[in-house]
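Me: I have a structure to go through with you. Could we take it one region at a time?

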Amino acid sequence: MPYVCLLQEGNPNLPRFIEKAQQNNFSVVAAPLNLKELPLEFECEPLNEKHTQNTYSDLLLTADQWNTRVISVLSESIDCDSSDEVVRKNSEEVLKRDISWAEHLQYGGYTMMRLKGPNNLNLARVLTNKIKGILLIHVPLYNSAVAQSSWRRDVSEEEILAKSESDDSWHWWNRFRWAADFNPKLRLVLELNEGDRPSIDIIQRWLGEPVEAIMIPSTMFIRNRHNYPVLPKNWQEILKLFMKSHANIIVSTDCGDTSLKLYSDYLTNFREMHKDVHILQSFEDVLEIPLQPLYDNLDSYTYEIFEKDPVKYKLYQDAIEAALKDRVQEDEIDNKLSIVMVLGAGRGPLARAALNAAERTGRKIRLYIIEKNPNAIRTLTAIARKLWHNKDVHIFSKDMREFSPPEPADILVSELLGSFGDNELSPECLDCAQKLLKPGGISIPYKSVSFINPIMSSKLYNAVRNVARLESFSRDKQATYQNHAENGFVVLLKNVYNIDYPKALFEFVHPNPDKHIDNTRYKVLKFEVQLDCVLTGIAGYFECWLYNDILMSINPMTHTPGMPSWFPMYFPFTEPMNMKKGQTIEIHFWRCVSKQKIWYEWCLASPITTHVHNLGGRSCPIYCT
């Protein structure tokens, strides 16, 4: 559940602190795990037993309160990477002891630890070896030195930005999570800094990380004309982006602050105004295996999901209307009949679009419906009997590649695109089906173009690893992981940083004018790294032209508003790779074809060379039959 959390120093009475927070509309508190800190350099006999005097009793709260109302904050005095051996060793022992106590209080709960600098490799080792619940890593948006420089008036904005991007705290986090092997229990608490707003590129990079919450110091609030605390407008724009990514909120303040309820009310209303709520939210960053409608017959649930997209079928209807008007002039309406064939009709939405287009334009059509799924044929037959009995409609239970029509078509209509434009084998299907078309006939769609761009997402990287772990029945675990890491997935991308903008990859045109049709493709694309980041995979999209300039797109740069039918593709790399600002990412991508299957292969050539993924279609072939 989303929450607004209060972090406040100097509250030794935890039940009273929770009560105070709830009275001020905070649902969660972040509190130090221990009542009192002990100097680590003196943590030796007999002082090391005195921690029992400085620790909350587990009877202070109920188990439910410990688990749902409290985030345990580990001591900032812990320094597992200290150059002082005594401090380092004592820090390790204190940290292990405190983690054990935190797990006792709230098994599987939330524990928070602050990073104070870039060197945290030993801390990562100890933490991730012991923690069982969610570990929140608290980092500032910029490190303190850079934040301080942003307040100075004698430093130019260009100098501040240059220093920020070369020395920002993202590198602290990145080193820590690499040392922790991208542990999926790691999540970020990102503390906003007072001072100038960071560049949007830096914020976009943080949005590609697993941000659990945004911490807002109360000193960042200003008073509006009604004397209510609000965030400055430039920081409101930043917070909006994190709210759309479903981040929670933590307010940090001192014990004497009397504006707690004003903060919580403002931030709760702000989140409600700017949160990204939609019917597909449960699909965000969830890996799905792409459909293979030529190999598998779709079920009614899948058909129903597709049919709920009003935008797509309206675009198809607009395209058919425009094609009918071009084929049949106004003075030919009474005498000229157009033959329309719907290829892969499913349960009939494209057939309805064609019939609606004919009615709206006043053109006469004879509609041939071709569908290979025998279960969908039963539905189509029932619909035709009930709704289309007075229409010139003919249904055929056939594979379009093998269909011999009573007469050739003026217009072919199909919906075989898939998330990558050609991954449901529209080129192969429509190349075979173009024999059904009259010379000069129209294919709707007539062109599709796939796009790719490199992305960073530790969430997707861990999702691939999790799929491999859950489905692993092999003794060879590494081989199983590599198999999944070379798979292409369909996923509604959310927790992602786009390293560069998408670029066009493969293009297919229909009818295909080539005498010797070859649907294999190979292309090399280059992308520029805008900020230091981690490359985890490739995102894939498509643009499709139905008729003339009627465009249907899931490319983020041209996305058709309100069209949910297709999620992007995700092509992982087997291992994440650090990228530096200014480097060139060179991606090689292939579309391979055999008689039995089609598959994609991909690799990185620069700045690092990887192996060719999915070589020979070993992990994710697309079967032709």
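This is a predicted model: local features need pLDDT of at least 70, side-chain atom pairs count only at pLDDT 80 or more; totals for chains, interfaces and linings use all residues.

Me: What is the strand order in the open sheet?
Reply: The order of its five strands is β13-β12-β11-β14-β15, and the pairing is parallel. At the edges are β13 (393–397) and β15 (437–444), each of which pairs on one side only. From one strand to the next the twist averages 20°; axes are lines fitted to C-alpha atoms, for helices over the stretch in contact, and angles run from 0 to 180 degrees between N-to-C directions.

Me: Which strands does helix α12 touch?
Reply: Helix α12 (residues 310–327) packs on the sheet and touches β11, β12, β14 (409–414) and β15, with its direction at about 155° to that of β15. Contact here means heavy atoms within 4.5 Å.

Me: And where does α13 lie?
Reply: Helix α13 (residues 349–361) lies across β11, β12, β13 and β14 and runs at about 175° to β12. Its end C-alpha atoms are 18 Å apart, which agrees with the 18 Å that its 13 residues should span at 1.5 Å a residue. The expected span is 1.5 Å times one less than the number of residues.

Me: Which residues of α13 are buried?
Reply: Among them are Pro 349, Leu 350, Leu 355 and Thr 361. Buried means under 20% relative accessible area, exposed over 50%, and partly exposed in between (1.4 Å probe, protein chains only). The buried residues of α13 pack against α11, α12, β11, β12, β13 and β14. Just after the helix, Gly 362 takes a positive phi of about 75°.

Me: Changing topic: which residues does the UniProt "binding site" annotation cover?
Reply: According to the unreviewed UniProt entry, the annotation covers Tyr 303, Lys 312, Tyr 313, Glu 371, Asp 399 and Met 400. They span 98 residues in sequence and the farthest two C-alpha atoms are 23.6 Å apart, so they do not all gather at one spot. UniProt positions are given in the numbering used here, feature names are shortened, and annotations may be inferred rather than shown by experiment.

Me: Is Tyr 303 buried or exposed?
Reply: Tyr 303 counts as buried, at 9% relative accessibility. Its place is in helix α11 (residues 300–307). Leaving aside neighbours within four places in sequence, Tyr 303 is in contact with residues including Arg 347, Glu 371 and Asn 373.

Me: Where is Met 400?
Reply: Met 400 is in the loop between β13 and β14. Met 400 is buried, with a relative accessible area of 7%. Leaving aside neighbours within four places in sequence, its contacts include Leu 343, Ile 370, Cys 429 and Leu 436.

Me: Next, how many residues of β25 are buried?
Reply: Seven of the ten residues of strand β25 (residues 597–606) are buried, and the strand is mostly covered. Strand β24 (residues 584–593) pairs with β25 in the antiparallel sense over eight bridges, and a hairpin of three residues joins the two. In β25, Trp 602 is the bridge partner of Phe 589.

Me: Which peptide bonds are cis?
Reply: One of them runs from His 510 to Pro 511, with omega near -5°. Another joins Ser 606 and Pro 607, with omega about 5°; Pro 607 is in the loop between β25 and β26.

Conventions: Residues are numbered from 1 along each chain as its sequence is written. Side-chain values use heavy atoms; hydrogens and water are left out. Two strands pair if DSSP finds at least two bridges between them. Helices (H or I, at least four residues) and strands (E, at least two) are DSSP runs, numbered from the N terminus.
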